[in-house]
Amino acid sequence: MASMIFTDPSSAAAVHRLPFTRFSNGLNTLRRFVGPLHVSSPTPTLPRTLSVHSPRSSRFVTASMAIESSAKVIDGKAVAKQMREEISAEVSKLKETIGVVPGLAVILVGDRKDSATYVRNKKKACESVGINSFEVHLPDDASEEEVLKFISDFNGDPSVHGILVQLPLPSHMNEQNILNAVTIEKDVDGFHPLNIGRLAMRGREPLFVPCTPKGCIELLHRYGVDIKGKRAVVIGRSNIVGMPAALLLQREDATVTIVHSRTKNPEEITRQADIIISAVGQPNMVRGSWIKPGAVIVDVGINPVEDASSPRGYRLVGDVCYDEACKVAAAVTPVPGGVGPMTIAMLLSNTLSSAKRAFDIKIGALRIRVKASDEAGSRLAL
Ligand code: NAP
């Protein structure tokens, strides 16, 4: 429950190889300057700081290295920032060339402070890249029908390309009914069963992939981590993180094992992994002894632990014991500053993809209509 306070299950969003190609410039940039990670061997001789030059923005991003450790730090904050710049440039181009501005609608029900903060952050993130945001805030005692009515209106509104219902919803509402009501074309959270089903099926493409697991894979891509043929262990099997993360890794040709609360010998299984994605919600559960030397670790967990030295009285830690992991792994995401910042970046990316797709569909439909009227015209002429 404690970790619930800091979890933002909605808005998280992803694409199999979907958005990765769009950001290939950034990927190459990071690969070029950070260099590829060789998961089979740690990199003990790396300098403690790496300057990552972004030629397009002429800025330098610093990926800090762990002190007294061999692991490279996977800097989610820097990657998310770079992604937001890329998204912002694409949004401007879309607006200038075809007059389309991507729009994201967020529905918040109730007065949970954490949810209100997440919604505020999403709004700010949208503004920072030029995406329009629409917000509906309903009271805690609002009816399911009211929420469904707003979803239906947003489903039909062409200026809205993504709809996000902030979770959790009040207990009197049926979450499934509500999430199912979002049209899959605007399901930027990727939680609709049709999108998840397509993610699970070979030869099918989801329109959107949940943001947090998408962010995990994006980090692996941008740091040049080979996934194909690797052994991956995902710890946690939730609908919003663990399960879609496992499906994404499998789509990238990893051999995937899922560890959950009933798994026997989780340590032994995890130690076989070249890539570990942990989404459990248990502070420091994955110890150094669970990690194969040279593994790459993506820590999704966000867990508050008491810390009298912090002004807030607590600090946030991941599922993975960071200090121990730094000594064994080839690369690791910190908490905070790893997966967290990627989640909102992925939501923006999904909203942008949705706007582009909607425009392509509109143009496609127009072409068909023009063609049909041309054909009708030539029949009349005959
Ligand atoms: P969740 O719905 O509570 O799922 C937790 C999963 O972990 C479940 O599958 C559970 O197994 C498994 N688990 C629990 N205890 C375990 C143990 N001792 N050993 C092995 N597996 C265990 O949580 P979630 O929503 O996926 O979130 C997980 C963590 O990620 C949380 O800390 C959350 O705050 C964080 N999170 C971060 C972001 C972000 O943007 N960075 C986004 C979402 C979530 P069973 O299925 O058997 O119960």
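In what order do the three strands of the open sheet stand, and is their pairing parallel or antiparallel? The order is E5-E4-E6, and the pairing is parallel. This is a predicted model: local features need pLDDT of at least 70, side-chain atom pairs count only at pLDDT 80 or more, and totals for chains, interfaces and linings use all residues. Residues are numbered from 1 along each chain as its sequence is written, and side-chain values use heavy atoms, with hydrogens and water left out.

- Strands (E, at least two residues) and helices (H or I, at least four) are DSSP runs, numbered from the N terminus.
- Two strands pair if DSSP finds at least two bridges between them.
- Strand E5 (132-138) and strand E6 (162-165) stand at the edges, each with a single partner strand, so one side of each is left without a neighbour in the sheet.
- From one strand to the next, the twist averages 15°.
- Four bridges link strand E4 (residues 103-109) to E6 in the parallel sense.
- Val-106 has Leu-164 of E6 as its bridge partner.
- Helix H4 (residues 113-129) packs on this sheet and touches E4, E5 and E6. Contact means heavy atoms within 4.5 Å.
- The direction of H4 makes about 170° with that of E4. Angles run from 0 to 180 degrees between N-to-C directions, and axes are lines fitted to C-alpha atoms, for helices over the stretch in contact.

- Strand E9 (residues 275-278) runs parallel to E10, joined by four bridges. Ser-278 stands opposite Asp-299.
- Strand E13 (residues 331-332) pairs with E10 over two bridges, also parallel. Here Ile-297 faces Val-332.

**Helices H7 and H9**

- Helix H7 (residues 193-200) packs with helix H9 (residues 242-251) at about 35°, their axes 9 Å apart.
- H7 contributes Ile-196, Arg-198, Leu-199 and Ala-200 to the contact. H9 contributes Met-243, Pro-244, Leu-247, Leu-248 and Arg-251.
- By class, seven of the contact residues are nonpolar, none polar and two charged. Ala, Val, Leu, Ile, Met, Phe, Trp, Tyr, Cys and Pro count as nonpolar, Asp, Glu, Lys and Arg as charged, and the others, Gly among them, as polar.

**A charge over a ring**

- Arg-357 lies over the face of Phe-208, at 4.9 Å from the ring centre. The criterion is NZ of Lys or CZ of Arg within 6 Å of the ring centre and within 35 degrees of the ring normal.
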